[in-house]
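Welcome, and please open the structure in your viewer. We will go from stop to stop, selecting residues and looking at what is there.

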Amino acid sequence: MDAIGNTCRSETETNQKKIEISFSLPNKVGQLAKALEIMKSHQVNLYHINSKLNRENSEEFDFFVICDNSGRLKEALGGLKQFSTNFEIISVPWFPKHISDLDKIVPYTFTCEKELEADHPGFTDAEYKKRRKEVAAMSRSYKYGQYIPRVEYTEEEINTWRNVYTGLIDLYPKNACKQFNCNLKLLQKQRCYTADNIPQLEDVSKFLQKRTGFRLRPAPGLISPRDFLAALAFRTSYTTQYIRHRSKPEYTPEPDICHELLGHVPLFADEEFSQFAQDIGLASLGAPSEYIRKLAMCYWFTVEFGLWKEENDELKAYGAGLLSSAQELRHCLTDSAEKKTFDPSEACKEKIEPSKIQPYYFVEDSFDIVKEKMRAYAKTNPRPFDVCYDKSTQSVKVIYQ
Ligand SMILES: [Fe+2]
C-alpha cells in the first residue's frame, strides 16, 4: 500500500556491504588472532586485511580491514576499539547526506516499468495500463528543487478520486485520529482538497513545507525499503501520481495518489508525527540490510497500518493504508479485526501482505508510547555510528561513537 516495495534491489542497496577500519596492535605473536576472534564472535565477516609496521613505532603494527556491514558490527567494533590503539572508522556505506543527494539514487530505484500483477483491478485494462505508465513517466525525471510536474487528470480519473474521497470523508471523524482530522480540515479549508479535483503534488508539497518542512517527491512506482526510508530522513515522502482503477475505488494493491494524499499527507502535516517518521528514516541511513528490513516492518505496522488510543480510550486509525481504504478503515476498528499490542521487536519479524486486508493490526495506548517504543528500538541499530540531522541545511552529519 505504500511506495515502499520489497521487489527491487537498488544500487544503493548493493553499496551497503562494506565498512573500512584501521587500528594498531602491539608487535607480538597472537595479537591479530585475538582481534580477529572479536570480529568472529560478533559474526562480522572480513573481506580484506593488510598490515604494515608502524613507521614511528616499531613496537606496533598498523592494520587496514574491510569488513561486512552485518552481524553485531557495533559491538564488534566497540570490542576492537578497546583492544587496539589508533582505532578509526575510515569509511561507511554511502547514503544521502543532503536532501539533494536523493537525486543520486533515483535512476536505480524505481520499478515503474514492471507490469501489473494479476490481482491488480486494472490488469486486463490496456487503456488503464497505458495511462498509468504515462503518468509514472512524468515523475521519473524529477530532480530536487524542480516543480513537481502537474498532471492533467481525465474526467474518469477525477471521478475515481471523487468516489474514493466521498467514500472516506464520512468515516474520518469517528475512525481517524485527531491529528489527521485537524489537518484534513485545514486542507479542505484552503480548498487544497475537494471532491471535484485531484490535488496536484506541487500544491500539497508546498502546504506541507509550510506546516512541518515535509515535502513530496514524485515517484513512478515501488521503491526499495532502503531508498524509501532514506528519503524520510530528509522529511521527504516518495509519492505516486497515478490513480487506482475505477472499478475498485475502495481497494488498490499498490500506492496511488489517493493513498498518498488521503492516507499520508494529513499526518505529515503534524509536527510530532513528521518527527516520528523522520526518526525512522534517520535510523535507516547506512544501516545493514537486515536492520533495514526490520525498520521497514516497523514502518509498515505503524505509519501504514497503526492504531492508537486517544484520551477517551477510543481506538483510532493513524496508518495511511487504513486511512486511504474505506473498506479497511471500517474493518480495522471492528472486534473481528485481530489486534496485538505494538512491539517493534515482534512487528519486525512479521511478513507484510501488501495486496490484502491485513490479518491483524498493532495497537498502542497512545502515540507517546509508540514513539517511546520506536526510540528504544532504534537503540538496537547495529551500525557503528550515529547521524544527526541539521534542519537549517537539510543535511545529516555522521557521528562516530
Ligand atoms: Fe504508504
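Start by selecting S22, which counts as buried because its relative accessibility is 16%; buried means under 20% relative accessible area, exposed over 50%, and partly exposed in between, with a 1.4 Å probe and protein chains only. S22 has its place in strand 1 (residues 18-26). Helices (H or I, at least four residues) and strands (E, at least two) are DSSP runs, numbered from the N terminus. Now show what surrounds S22: leaving aside neighbours within four places in sequence, S22 is in contact with F63, F64, N86, F87, E88 and I90. Contact here means heavy atoms within 4.5 Å.

A word on what you are viewing: this is a predicted model, in which local features need pLDDT of at least 70 and side-chain atom pairs count only at pLDDT 80 or more, while totals for chains, interfaces and linings use all residues. Residues are numbered from 1 along each chain as its sequence is written, and side-chain values use heavy atoms, with hydrogens and water left out.

**Charged pairs**

Side chains of opposite charge can pair when their charged atoms come close. How many salt bridges does the structure hold? There are 22 salt bridges, each one a side-chain nitrogen of Lys or Arg within 4 Å of a carboxyl oxygen of Asp or Glu.

Select D101 and K104 to see one of them, with 3.1 Å from N to O. D101 is buried, at a relative accessible area of 12%.

Next, select E250 and R330, whose side chains form a salt bridge at 3.1 Å, N to O. E250 sits in the loop between strand 6 (236-239) and helix 11 (257-268), and R330 in helix 15 (residues 326-332), so this pair ties together parts that are 80 residues apart in sequence. E250 counts as partly exposed at 31% relative accessibility, and R330 counts as partly exposed at 41%.

Move on to D365 and K309, which meet in a salt bridge at 3.6 Å, N to O. D365 is in the loop between strand 10 (360-364) and helix 17 (367-378), while K309 is in strand 7 (residues 307-309), so the pair joins parts 56 residues apart in sequence. D365 is partly exposed at 46% relative accessibility, and K309 is partly exposed with a relative accessible area of 27%.

For a network of salt bridges, select D125, E156 and R246, which are linked in one.

Select S366, in the loop between strand 10 and helix 17. Leaving aside neighbours within four places in sequence, S366 is in contact with W308 and K309. The C-alpha atoms of S366 and E311 are 8.0 Å apart, although 55 residues separate them along the chain.

**Two helices side by side**

Now show helix 12 (residues 271-284) with helix 17: they pack at an angle of about 20°, their axes 11 Å apart. Axes are lines fitted to C-alpha atoms, for helices over the stretch in contact, and angles run from 0 to 180 degrees between N-to-C directions. Helix 12 and helix 17 are therefore roughly parallel, a term for angles under 35 degrees. Highlight E272, F273, F276 and I280 of helix 12 and F367, D368, V370, K371 and M374 of helix 17, which make the contact.

**Last stop**

Which helix is mostly covered? Select helix 13 (residues 289-304), where 12 of the 16 residues are buried. Among them are Y291, I292, W300 and E304.

Terms used:
Angles under 35 degrees count as roughly parallel, over 145 as roughly antiparallel, 65 to 115 as roughly perpendicular and the rest as oblique.
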